[in-house]
Amino acid sequence: MLQADLLIKNAAQLLTMAGHSKEPKRGAELADPGIITGGAVAAFDGVIVAVGPTEQVEEEVELLPHARVYDAWGKVVAPCFVEPHTHIVFGGSRQNEFVMRLQGKSYLEIMQAGGGIVNSVKATAAASDAELLETARRRLDHFARHGVGTVEVKSGYGLSVAEELRMLRVIRKLDALHPLDLVPTFLGAHAFPKEYRGREEEYVDLVVEEMIPRVAEEKLARFCDVFCDVGVFTVEQSRRILEAGKRYGLLPKLHADELASFGGAELAAEMGAVSADHLLKASPEGIKALAEAGVIAVLLPGTAFFLNEEYAPARQMIEQGVAVALSTDRNPGSSPTEATHLILTLACIKMKMLPAEALCAATINAAHAIGMAHRVGSLETGKQADVVIIDAPDCNYIPYHFGTSLVEAVFKKGRKIK
Ligand code: NIG
Ligand code: FE
């Protein structure tokens, strides 16, 4: 008989998020969160050993004397959310730019006038490692309270060899000291530093020739990302950077078509990127290319909300067979929030996704978008016992009751962290 030290049982709905294959969920499958009515999940030593109707799971496992039993009667039990796109390590904050935008300036205008990302670069340079660590730790705590178990974290507020490496080392330390799991991404191509104005190609050289080799040598990142958009990195520059990353084993990701229709989705498809993110302005050809190349679209409706922009055409993407994932894009400029729950509601109201689709997009597809689907994103035997208990009678209730976190308990690798 299987031994268990954790049993979560009697869920009104247990959402397994299990798929028919090891692929991300696409098309009609995105609307199937794998509901087990009256479901249970059992784990041993942080790993799931049984999932199914409560009676069946209780028969399958032998509870150890010290086992924890959690009765989820009337609640939804789901895998912890996965955040596949965040920028949580930075100094300072940018509420002054928020006010400038309220007074009529656009994000792009602020960026082109020398504000935006480079303001956070300045504040990051001024912060000690300890400060960066402590502020990012608090952001992770917020995520944990929202039922998030795994977070991708990008560099990109360094923009020099030393500072980019420092950010990635802070991310590594944070991963070691915090119960949530982090997946690091190198984003040295997030903006051009002020001192490179007029000689942008030289900055691209620096990223390609110095930063990427150092990041790879210290094994500080799994992915290489580029902000490919108007006023930032061109398609050609982005291609060069992502190809260099690939040569060093860093898998490509892209900030694509956020501010303008710019060919970012097409480039993501051409590069065989793991994901293309944002895509507010993606062209119909770009969307088709993503579907054909099997690139995951990471949609960030919090950013469209906060910048007051049109939302990404999620329905069109789903209909065309693109695998869609969701994330907060937590960052100091365009999405200062850790409220994963609100992202689900925005995905429904503003992008016309169904609650079940949004939930799959924020769990199993999000895990695929950062290469973590073998460990997290669904409740299946052999995966980590990352489980969230939500005070909702069914999955539709979760985005319906908006803005309030309904998370009642969070188990990370079987250990209760909330
Ligand atoms: O994902 N688009 C580029 N990067 C962030 C914004 C970062 C910032 O404004 O500090 C984003 O929206
Ligand atoms: Fe981003």
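Author: The second largest cavity has a lining of 6 nonpolar, 3 polar and no charged residues (Ala, Val, Leu, Ile, Met, Phe, Trp, Tyr, Cys and Pro count as nonpolar, Asp, Glu, Lys and Arg as charged, and the others, Gly among them, as polar). This is a predicted model, in which local features need pLDDT of at least 70 and side-chain atom pairs pLDDT 80 or more, while totals for chains, interfaces and linings use all residues. Residues are numbered from 1 along each chain as its sequence is written, chains are lettered from A and ligands numbered from 1 in the order written, and side-chain values use heavy atoms, without hydrogens and water.

The lining of that second cavity comprises Phe81, His146, His341, Leu344, Ile390, Ile398, Ser405, Leu406 and Val407 (a cavity is a set of points, on a 1 Å grid over the protein atoms alone, where a 1.4 Å probe fits but cannot get out; lining residues have an atom within 4 Å of a point). The space within this cavity is about 60 Å³ (the space filled by probe spheres set on the points, which are joined across faces, edges and corners). In total, the structure holds 4 cavities of 30 Å³ or more.

The largest cavity has a volume of about 100 Å³. Its lining numbers 14 residues, with His87, Tyr107, His190, Asn331 and Ser334 nearest the centre. By class, this lining divides into 4 nonpolar, 7 polar and 3 charged residues.

The largest cavity is also where ligand 1 sits (more than half of its atoms lie within 2 Å of the grid points). Around ligand 1 there are 16 residues, and Arg94, Tyr107, Tyr157, Glu258 and Ser334 come nearest (a heavy atom within 4 Å is required). This shell consists of 5 nonpolar, 8 polar and 3 charged residues.

The separation is 3.1 Å for an N or O atom of His255, 2.8 Å for one of His278, and 2.5 Å for a polar side-chain atom of Ser334. Of the 320 Å² of accessible area that ligand 1 has on its own, the protein covers 100% (Shrake-Rupley method, 1.4 Å probe).

Methods
A polar contact is a pair of N or O atoms within 3.5 Å; within protein, one must be able to donate a hydrogen and the other to accept it, and residues adjacent in sequence count only if both atoms are side-chain atoms. On a 1 Å grid over the protein atoms alone, a cavity is a set of points where a 1.4 Å probe fits but cannot get out, and a pocket is an open set with protein on both sides within 12 Å along at least five of seven lines; lining residues have an atom within 4 Å of a point.
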